[in-house]
Amino acid sequence: MKTVDTTPACLSGQTIVDLTKKHTLFEWSAQGTIDPIPVAGAKGCWFWTPEGKQFLVFNSQVMCVNIGHGDERVIRVEEAALLVAAQFRPGLVVSEWLQRIDDLAAGCTTSSLDAIRTHMFDELGCTGNTCEYYDPGNSCLDVVIDSRRGIPITLSALLIGVARRRDRELEGVGMPGHFLALDVESGLYIDAFAGGTILDLTACRVLFAQLHGPDAPFDESLLAPVGPVTLVHRMLTNLVQIARSRRDPHSGLVATPLRALLPAAPILARAELASASPGCGTSTPAPPGPAPARPHRPHPPRASLAHP
């Protein structure tokens, strides 16, 4: 047992224990004497308390959770994106929309990258919503499935989900300013917002410079694959920013706590949650900042594209 530094939790360990004893069944006399260990988070074979005390769980990789706690391989990107959408769209049934993705994937008969791209972007017509980039519906995967229009992150999530159903492994890539998908087998990147354009490293560098300016420093680490938790965090950040720009406090009060509850949420996100919650500070919302300028979303030059 050792002590580690952790991000401060929303609740103290003692508060967690008190609430557990108050709202969980402790009717047996033996149960009334136990002293529960509060858990703030877990990863692999470790879990830790809100105060940073860390415990090694010997059975976490033997019989209870055979790949350990918090392994993102058990999370499907498209399901995580639909769960986010369900928070903003009452009545959304996640299982029904997963079936819709099954149906979309059924129209693709092979697992080749070319076949999946052709099906998604030529036959189904999926592409970026360049006219209404900041429409919050672009961050809701059900809307994207229906309209075949979205932003880079939701289109990439849909592409990853369709490819998985055809036994093709794609991963999300959180390049700043423009989410991509990585084809694991070929090492090539797919820009779902640009109609499934294939990019190599040079083309990614060109796209990054077009988005951030020619002097913006680029490093290959910016193209590292990211897991579903990072994808959800980025989606919620988009929705928080859109809510501010549209003066939509309701959506902000939905997205802000969800983002703060994610594993390893930054302390600024938790502070933002406290300031946005009713009863904390002034009840009058601060005026939002100006709406973000719509960035130019160029396609990389064709000469720099790689073809599988």
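Guide: A term before the strands: two strands pair if DSSP finds at least two bridges between them. Helices (H or I, at least four residues) and strands (E, at least two) are DSSP runs, numbered from the N terminus. This is a predicted model: local features need pLDDT of at least 70, side-chain atom pairs count only at pLDDT 80 or more, and totals for chains, interfaces and linings use all residues. Residues are numbered from 1 along each chain as its sequence is written, and side-chain values use heavy atoms, with hydrogens and water left out.

Visitor: Fine. What is the strand order in the open sheet of five strands?
Guide: The order is β10-β9-β8-β7-β11, with antiparallel pairing.

Visitor: And which are the edge strands?
Guide: β10 and β11 (225-226), since each pairs on one side only.

Visitor: How many bridges join β7 to β8?
Guide: Four, and the two strands run antiparallel. Glutamate 171 stands opposite leucine 182 in β8.

Visitor: Staying in β8, what about aspartate 183: buried or exposed?
Guide: Aspartate 183 sits in strand β8. Its relative accessibility is 0%, so it counts as buried. The cut-offs: buried is under 20% relative accessible area, exposed is over 50%, and partly exposed is in between (1.4 Å probe, protein chains only).

Visitor: Which side chain does aspartate 183 join in a polar contact?
Guide: Serine 186, at 2.5 Å. A polar contact is a pair of N or O atoms within 3.5 Å; within protein, one must be able to donate a hydrogen and the other to accept it, and residues adjacent in sequence count only if both atoms are side-chain atoms.

Visitor: What else is aspartate 183 in contact with, leaving aside neighbours within four places in sequence?
Guide: Leu113, Arg168, Glu169, Leu170, Leu188 and Ile190. Contact means heavy atoms within 4.5 Å.

Visitor: Arg168 is on that list. What does arginine 168 form a salt bridge with?
Guide: Glutamate 185, with the closest N and O atoms 3.5 Å apart. Arginine 168 lies in the loop between α6 and β7 (170-173), and glutamate 185 in the loop between β8 (180-183) and β9, so the pair ties together parts that are 17 residues apart in sequence. By definition, a salt bridge is a side-chain nitrogen of Lys or Arg within 4 Å of a carboxyl oxygen of Asp or Glu.

Visitor: Are those two buried or exposed?
Guide: One of each. Arginine 168 is buried, at 12% relative accessible area. Glutamate 185 is exposed, at 67%.

Visitor: How many salt bridges does the count come to?
Guide: Nine. One of them pairs glutamate 78 with arginine 164, the closest N and O atoms being 2.7 Å apart. Glutamate 78 is in helix α2 (residues 77-88) and arginine 164 in helix α6 (residues 152-165), 86 residues apart. Glutamate 78 is buried, at 0% relative accessibility, while arginine 164 is partly exposed, at 34%.

Visitor: Which other helices get linked by a salt bridge?
Guide: Aspartate 146 and arginine 100 meet at 2.8 Å, N to O. That pair links helix α5 to helix α3 (residues 94-106), 46 residues apart.

Visitor: Last topic, aromatics. How many pairs turn up in the whole structure?
Guide: Four. Phenylalanine 47 and phenylalanine 55 are stacked, 5.1 Å centre to centre, with 15 degrees between the planes. Rings of Phe, Tyr and Trp (its six-membered ring) pair if their centres lie within 6.5 Å; planes under 30 degrees apart count as stacked, over 60 as edge-to-face and the rest as tilted.

Visitor: What about tyrosine 133 and phenylalanine 193?
Guide: Their centres are 5.6 Å apart and their planes are at 80 degrees, so the pair is edge-to-face. Both residues are buried. Tyr133, Tyr134 and Phe193 form one aromatic cluster.
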